[in-house]
Amino acid sequence: MKIDSIKNGIVLDHIKAGKSMQIYKYLGLDDLDCSVAIIKNAQSSKMGKKDIIKIADNLDINLDVLGYIDPNITVCYIKDGNIVKKKHLELPEKIVNIVRCKNPRCITSVERDLDHVFKLTDRENRVYRCIYCESKKSEY
């Protein structure tokens, strides 16, 4: 299978195999008017198998979403067919409106316009806690 390279845009590489569709949904890539290629289960010497997403447009991507879903993703910015910038992600310290608090007693259940904010409390186990009620949100 041959997927052409892109001239200008963004390549999300080193995505854990099977996570590309979640990223597609969370980033709203279905709303774009440009080409988006999803490569699932590509062979990788480093990871065994990986997913790759190629976006033929330079747009603002919520890097916190990517870091939350898979902190090992590499974001490559492409211009004129060349990589001009590479970003290696990590777990964000805080995530806003990416996940919702499930605690029915949390103020976010009552106040509809209040942001859902979670703070990273345990990096090793990927545990986030709601800043309002301390409810735990672990593993994506």
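Guide: Neighbours within four places in sequence aside, Ala56 is in contact (heavy atoms within 4.5 Å) with Ile6, Asn8, Gly9, Cys34 and Ser35. This is a predicted model, in which local features need pLDDT of at least 70 and side-chain atom pairs count only at pLDDT 80 or more, while totals for chains, interfaces and linings use all residues. Residues are numbered from 1 along each chain as its sequence is written, and side-chain values use heavy atoms, with hydrogens and water left out.

Ala56 sits in the loop between β3 and α2; helices (H or I, at least four residues) and strands (E, at least two) are DSSP runs, numbered from the N terminus. Ala56 counts as partly exposed because its relative accessibility is 34%; buried means under 20% relative accessible area, exposed over 50%, and partly exposed in between (1.4 Å probe, protein chains only). From Ala56 to Ile15 the separation is 41 residues in sequence and 18 Å in space, C-alpha to C-alpha.

Now the interior. A nonpolar core is a set of buried Ala, Val, Leu, Ile, Met, Phe, Trp, Tyr and Cys residues joined through side-chain atoms within 4.5 Å. The largest one has 27 residues, and Leu12, Ile23, Leu27, Leu66, Ile73 and Val75 have the most contacts inside it. Among the elements that each supply at least two residues of this core are β1 (9-16), β3 (48-55) and α2 (63-69). Its largest share, 4 residues, comes from α2. A second, separate core of 7 residues includes Ile6, Val11, Ile39 and Ala42. Ile6 is also one of the contacts of Ala56.
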